[in-house]
Structures are given as C-alpha cells and as structure tokens.
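Colleague: I would like to go through this model feature by feature. Please give the general idea each time, then the case here.

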Amino acid sequence: MSKYYAHETAVIDADCTIGEGTRIWHFSHIMQDAVIGKDCTIGQNVMIAPGVRVGNQVKIQNNVSLYAGVVCEDDVFLGPGCVFTNVINPRSFISRKDQFRKTIIGKGATIGANATIICGHTIGPYALIGAGAVVTKDIPPYALFIGNPARQDGWVSQYGHRLYFNENNEATCPESRVIYKLTNGIVAPAAVPGN
C-alpha cells in the first residue's frame with residue numbers, strides 16, 4: 001500500500017521519491033528522479049521535472065511546472081499558475097541542458113499566483129512574492145516583493161503579515177506576537193513572547 005495518495009489521472013514515473021502523506025491531484029506528472037517530501041499537496045496539472053527537489057509540507061497549487069534546477073525547501077507555498085524558468089536564453093533549436101540555472105525557494109516562502117521567477121536566483125526564507133510579480137534577482141528573507149520587475153514593498157513576518165518598524169527598528173507580528181528586528185537591511189526574529 002502506498003504511503004502517499006495520487007489521483008488515478010496522475011502520472012507517477014518510476015524512480016521518483018514521494019514522502020508519506022503527500023497528495024497528488026488530477027492530471028499531474030511527477031517525473032523520474034524528482035524528490036517530494038512528506039505531507040505535500042500537489043494540485044491539478046502540476047509537472048515536477050527530473051531532479052527537482054521539494055521539501056516537506058509544500059503546497060503547489062494548480063497549473064505549476066517545476067523544471068530541472070528548482071529546489072523548494074520546507075513549508076513553501078506556490079500559488080496557481082506561477083512560472084519558473086531554468087535557462088536564461090532559451091532557443092528551441094539549441095540544446096542548453098548543460099546551462100540550467102538553479103533556483104532556490106527558501107523555507108516558508110510564498111510565491112503568488114501567476115508570478116514569474118527567472119532562473120538562477122534565491123528567494124529567501126519567509127519572503128512573499130506578490131501575484132503577477134516578475135522576479136529578476138535574489139530576494140532577502142522576510143521581504144515583500146511586488147510588480148514587474150519585482151521591487152521591494154516592505155517586510156513580512158513568518159506568518160505573512162506586513163511588518164511596520166518603529167524608531168528602534170523593531171516590529172511585532174500581529175498574529176504570532178514575535179518581535180522582528182531590522183538591522184543593516186536584514187530582518188530576523190528578535191524575540192518570541194514568553195521566552
């Protein structure tokens with residue numbers, strides 16, 4: 001008995017690894033040598049290419065293709081129709097498989113619906129990329145980026161709430177009550193209530 005669920009229309013190639021508790025929905029294709037962690041949700045019409053690595057508790061919404069070179073760390077959310085590339089200058093008549101560029105989506109990051117991530121960049125942990133944004137550079141942890149090309153529009157907490165920093169460069173997440181500190185353009189949790 002399988003430790004994961006795959007809808008009858010899903011295509012699961014041999015020699016891929018799928019973690020316990022993962023659910024794969026209609027018309028999705030998991031290709032050989034792909035690795036998917038535990039407790040993931042793979043929506044309808046998702047393609048995961050050979051060599052792609054997906055961590056634990058990742059949610060991939062409908063109509064997303066993850067091409068060779070993409071790595072999603074734990075707890076990543078990929079919105080419907082978001083797009084990843086893996087070659088900077090593709091041509092149909094030139095094979096550039098030896099030029100794939102790695103794209104890393106850090107732990108807990110969110111990529112909004114229909115966003116495009118140009119290959120070769122790292123999205124920092126807990127960053128939030130807005131719907132329709134086009135990412136052309138590395139994104140710092142906890143950063144909020146929107147637009148085309150994507151530009152920074154603030155900072156967010158681990159829970160995804162916008163952070164408003166005071167004169168001491170501290171902000172409190174309204175949901176978790178965790179305090180964040182902004183130091184030299186870098187945001188990090190400074191204190192957890194009760195600790």
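Modeller: Take contacts first, meaning heavy atoms within 4.5 Å. Leaving aside neighbours within four places in sequence, G108 is in contact with D74, D75, V76 and Y126. This is a predicted model, in which local features need pLDDT of at least 70 and side-chain atom pairs count only at pLDDT 80 or more, while totals for chains, interfaces and linings use all residues. Residues are numbered from 1 along each chain as its sequence is written, and side-chain values use heavy atoms, with hydrogens and water left out.

Colleague: Is G108 buried or exposed?

Modeller: Buried means under 20% relative accessible area, exposed over 50%, and partly exposed in between (1.4 Å probe, protein chains only). G108 has 15% relative accessibility and counts as buried. G108 sits in the loop between β15 (103–105) and β16 (110–111). Of the 195 residues of the chain, 39% count as buried.

Colleague: How many helices and strands does the chain have?

Modeller: Helices (H or I, at least four residues) and strands (E, at least two) are DSSP runs, numbered from the N terminus. The chain has 0 helices and 25 strands. With a radius of gyration of 18 Å, close to the 16 Å of the globule rule for 195 residues, the chain is as compact as a globular protein of that length. That radius is taken over C-alpha atoms, and the rule is 2.2 Å times the number of residues to the power 0.38.

Colleague: In what order do the 6 strands of the open sheet run?

Modeller: Two strands pair if DSSP finds at least two bridges between them. The order is β3-β6-β9-β12-β15-β18, with parallel pairing. β3 (17–18) and β18 (122–123) stand at the edges with a single partner strand each, so one side of each has no neighbour in the sheet. Within the sheet, β9 (residues 53–54) and β12 (residues 70–72) pair over 2 bridges; R53 has V71 of β12 as its bridge partner.

Colleague: Where is the cis peptide bond?

Modeller: The cis bond joins N148 and P149, with omega about -5 degrees. P149 lies in the loop between β21 (143–146) and β22 (151–155).
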